[in-house]
Structures are given as C-alpha cells and as structure tokens.
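Subject: Structure handover

Hello,

Here is the structure I said I would pass on. My notes on it follow below.

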Amino acid sequence: MVDHHGLFVWYELLTTDTAAAKAFYGRVVGWGGQDASTPEFAYTLFTAGRGPVSGLMELPPEARKMGAMPRWVGYVTVNDVDTSAERIARLGGTIYVPPTDSNIGRIAVVADPQTATLALVEGLRFGQAESGDIGEVGRVGWHELLAADWSKAFAFYEEVFDWRETDAKTGSLPSYHLFSAGGRTIGGMFTKHARAPVPFWLYYFNVGDIDMALRRVEEGGGRIVMGPHDLPGNSGVARCIDPQDAMFALQGPRTSDPTRRLPDPDIGWSSDWGDISSRGRLVVKPRS
C-alpha cells in the first residue's frame, strides 16, 4: 500500500455565504458543486474533472464571534490523527479541534507553533490521495507557508510530517525554500514581511488561463492583491481575495492573446499583502 503520510489531500473553504462562494469559484476556477450534506450538517463538494477536490461549509457563528474570518484550510493526510495531534501539541502547536470522526474522515484542526492553521485527516473518504495530478486544472497545485520564521517552521513540519527541503533553484528568490512530501515537491515557505500580522498557509488553484481567471475574479467581486507575476514557461501566479474575504492564489498559463494579458505590476513577489493578511482564530464544530 502506498504511504501518503504528509501530503495535502483535501481543502475546505469556511465562509459566510456558501451560495455566493459556490458561484464565485465555479466561475473563476471552473468547479462544479455537489451536495454532500447530512441531516445534521450542510456540506458542499467542489468538483473538477474526475471528482471532488475540496469542500465548502459555513463558518460557524461561534467562530465569527471569536474573530475568525472566511478562509481556506488545507488537510494533510496522516497515518494516525491521534498520534500526530499529540506530537503537534508536544512540539508547541495548538489543537483547535481534537481528533474527531467527521463526514470526510477522522480529522483534527491544529496550528503550528507560529499559529498558522491547518488540519489533519486520516482515512479521507473522497479518495484524493489516490487520484489525480496536482498539475491538473481545477486542483490545488502549490502550497505556501508565510511563516514568522521559516527555519523554525520547517523544523516543526519536518518532525511532524517528515517533509524534506528540496534543493532547487528559486531564481531571484533565494529566501524562498521549497519542500517535498512523498518524494515530490509540493510547496514553499518563507519568512513573511513584518507588516503581515500572522503566519498563514496559502493555496494555489490551477487554472487554464490565468488572465481570464483574474478578470473573472474582479467581475465576481473579488480582488487581485498581487500579480499576475510571470514565471518561466509562459505561466503566471497571482494572489487574490474572494468576495467574502478569504485569501487564495491562482496559477496557470498566460493567455495566448497578448492584447488580453493583464499587466505585470512589476513590484516583485513578497509576503506583503498591502496590509491585508489572514487573521482570526479558527474554530470549527466537529462534523458528524
């Protein structure tokens, strides 16, 4: 059996308007929607290609009262959620939702010692760990940690998930550090700009034409806060905020029509979001 421990396998949007979010991401990323609710819990699956790629749920009222804002949460698969949660707590992390059986598998919602939130899952029921290529349109193709101190953050994740730093060139970004899980490079991390109040994880959705997708972001009431920034291979990346203020990023080929390309702001690629950052403690109800 293939060991998927340490891979990101699921993503979940907690938001204040699920109907609006479903329409927005359907238009921007091309996702379909599939109801996966139970009598006790409302839940929607975002779908792409061969199946589900992420989930959508309401941000619980108690979380809003504590200052939590709409956000994307990534789930890392582990062999034993209980053991991994214990290790995270022992290493200085925080357990927001203890190991709990839910509609997607056995989960825990946690934060690393620098307060960046993520989740653990054991026995994911939608088969993400077994199917698909992270380069496919509609999937999450990159995972990025804006840390308070990247080296301390990496040491933590290395011990918890057995991640490895990847020896790869990052062009003009020597402070950007790539990491791998299961033998493949899946993301990067760096020390955030001081103006960004808290560390957080950012997820990049693959699109077929980034210029067209970014136009749809703005048409749908979202904001482009950085980019598009050109990458090798005629592709680009951009950071965005959806209409309910959840942050996300896009990556994909630049449009084939040069006259339709959005201008590159030429301000570099940094952790500064123009005073906009992820904030608020995440609290969610265990799902039945």
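The accessible surface of the protein chain is about 12400 Å², and carbon and sulfur atoms hold 50% of that area. Please keep in mind that this is a predicted model. The average pLDDT of the protein chain is 85, with 84% of the residues at 70 or above. Residues 266–288 are a stretch where pLDDT stays under 50. The model has 88 contacts for that stretch beyond four places in sequence.

Overall layout

The protein chain has five helices and 16 strands. It has 288 residues, of which 53% count as buried. Among contacts with a separation of 6 or more, 67% are between residues 24 or more positions apart.

Helix α1

This helix covers residues 18–28, and its buried residues include A21, F24, Y25 and V28. Looking down the axis of α1, the buried residues fall within an arc of 90°, so they line one face of the helix. A19 and A23 are exposed and sit on the face turned away from that buried side. Just after α1 comes G30, with a positive phi of about 90°.

Helix α4

Helix α4 runs over residues 150–161. D162 follows α4 and has a positive phi, near 65°.

T166

T166 is in the loop between β10 (164–165) and β11 (177–181). Is T166 buried or exposed? Its relative accessibility is 19%, and the cut-off for buried is under 20%, so T166 counts as buried. Leaving aside residues up to four places away in sequence, T166 touches L178, F179, S180 and T185. With T185 there is also a polar contact: the side chains of T166 and T185 are joined at 3.3 Å.

When you go through the model, please treat residues 266–288 as the stretch with pLDDT under 50.

Regards

Notes: Residues are numbered from 1 along each chain as its sequence is written. This is a predicted model: local features need pLDDT of at least 70, side-chain atom pairs count only at pLDDT 80 or more; totals for chains, interfaces and linings use all residues. Side-chain values use heavy atoms; hydrogens and water are left out. pLDDT is the predictor's confidence in each residue, from 0 to 100. Contact means heavy atoms within 4.5 Å. Helices (H or I, at least four residues) and strands (E, at least two) are DSSP runs, numbered from the N terminus. The expected span of a helix is 1.5 Å times one less than its number of residues. Buried means under 20% relative accessible area, exposed over 50%, partly exposed in between (1.4 Å probe, protein chains only). Accessible areas come from the Shrake-Rupley method with a 1.4 Å probe; for residues, only the protein chains shown count as cover. The arc is that of the directions from the helix axis to the C-beta atoms. A polar contact is a pair of N or O atoms within 3.5 Å; within protein, one must be able to donate a hydrogen and the other to accept it, and residues adjacent in sequence count only if both atoms are side-chain atoms.
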